[in-house]
Amino acid sequence: QDPLELVTPMAGFNGGQFVTHDFKILEQKTLSTDISRQAIELIRRYGLDVWVFNGKDWLVGDMDGPHVRHEAWAVKFDPKVIADFEDHLDQVAKIVGVSDDFDRVRQCEDEARKLFGAQVSATRSQSYYLDITNIAANKGAVVDYHVAHLGVPHEEVVTIGDGGNDTAHRIASLPRRVSVDLPQDHRGGRERQLRGVQPCGWISRFENSLRRRSCPRPHRSLRR
């Protein structure tokens with residue numbers, strides 16, 4: 001039972017996949033097998049752990065790797081542990097490099113952008129996560145998808161996020177953005193900041209922020 005009772009399409013993997021409320025895949029923007037291999041090689045060269053999201057599967061090499069168990073708790077399902085990713089690169093929606101060495105993650109992001117250029121989107125969703133997706137798979141494209149399918153004007157969309165991929169691409173041009181404790185190098189300059197927010201405390205802060213800005217009620221397409 002979904003406590004939110006969502007009936008609209010949902011986006012996963014930074015827009016690499018759109019699914020129904022019961023997780024039927026509607027649309028995918030994937031990485032090619034060759035790009036996936038190169039991305040995995042690059043991530044390993046920088047000493048980061050590799051996660052691969054292929055179809056509906058979350059694949060890791062070590063269940064005790066950094067942030068695996070926390071992420072499993074957050075998403076409410078466990079990954080599949082495999083020894084080799086080679087046979088699982090046919091529908092890759094996202095590859096993630098994971099490490100608590102934040103400098104290495106940043107350096108790997110820089111190198112990925114140099115190596116792949118406009119072929120992929122490479123952004124840090126957290127200081128310890130480097131997300132590599134299809135160039136058309138990004139949070140801005142998610143907004144565009146919902147605008148097109150739900151008939152909600154861009155000016156009525158409010159976005160909130162705490163990572164570099166929450167200000168990248170089309171997101172940066174939206175008029176109403178809120179970031180939560182976002183590092184300076186990830187800010188676009190126009191979003192409202194919510195700082196010093198404890199885990200799960202951002203919800204009430206976000207609600208208060210919207211009220212202060214006198215935003216209109218959610219569009220009827222977003223209400224059941």
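Ala-11 has Phe-18, in strand E2, as its bridge partner. This pair belongs to a predicted model of a protein with five helices and twelve strands. Of its 224 residues, 42% count as buried.

- Strand E1 and strand E2 (residues 17–19) are joined by three bridges and pair in the antiparallel sense.
- The open sheet to which they belong has three strands in the order E1-E2-E3, with antiparallel pairing.
- Its edges are E1 (10–12) and E3 (25–28), each of which pairs on one side only.
- From one strand to the next, the twist averages 25°.

- Strand E7 (residues 92–98) and strand E9 (residues 129–134) run antiparallel and are joined by four bridges.
- Within E9, Ile-132 is the bridge partner of Ile-95.

**Nonpolar cores**
- The largest nonpolar core contains 24 residues, and Val-52, Phe-85, Ile-95 and Ile-132 have the most contacts inside it.
- Two or more residues of this core come from each of H1, E4, E7, helix H3 (102–116), E8 and E9.
- The greatest contribution is that of H1, with five residues.
- Beyond its neighbours within four places in sequence, Val-52 is in contact with Ile-40, Asp-57, Trp-58, Leu-59, Phe-85, His-88, Val-92, Lys-94 and Ile-95.
- A second, separate core has twelve residues, among them Phe-53, Val-60, Val-68 and Ala-93.

**Helix H4**
- The twelve residues of helix H4 (residues 139–150) should span 16 Å at 1.5 Å a residue, and the end C-alpha atoms are 16 Å apart, in agreement with that expectation.
- The buried residues of H4 include Gly-140, Ala-141, Val-142, Val-143, Tyr-145, His-146, Val-147 and Leu-150.

- Asp-57 lies in strand E5.
- The relative accessible area of Asp-57 is 28%, so this residue counts as partly exposed, a class that lies between the limits of 20% for buried and 50% for exposed.
- Residues up to four places away in sequence aside, Asp-57 touches Val-52 and Lys-80.
- Asp-57 and His-88 are 31 residues apart along the chain, and their C-alpha atoms are separated by 9.3 Å.

**Whole protein**
- Among contacts between residues at least 6 apart in sequence, 52% join residues at least 24 apart.
- The accessible surface comes to about 12,300 Å², of which 49% belongs to carbon and sulfur atoms.

Notes: Residues are numbered from 1 along each chain as its sequence is written. This is a predicted model: local features need pLDDT of at least 70, side-chain atom pairs count only at pLDDT 80 or more; totals for chains, interfaces and linings use all residues. Side-chain values use heavy atoms; hydrogens and water are left out. Buried means under 20% relative accessible area, exposed over 50%, partly exposed in between (1.4 Å probe, protein chains only). Contact means heavy atoms within 4.5 Å. Accessible areas come from the Shrake-Rupley method with a 1.4 Å probe; for residues, only the protein chains shown count as cover. The expected span of a helix is 1.5 Å times one less than its number of residues. Two strands pair if DSSP finds at least two bridges between them. A nonpolar core is a set of buried Ala, Val, Leu, Ile, Met, Phe, Trp, Tyr and Cys residues joined through side-chain atoms within 4.5 Å. Axes are lines fitted to C-alpha atoms, for helices over the stretch in contact, and angles run from 0 to 180 degrees between N-to-C directions.
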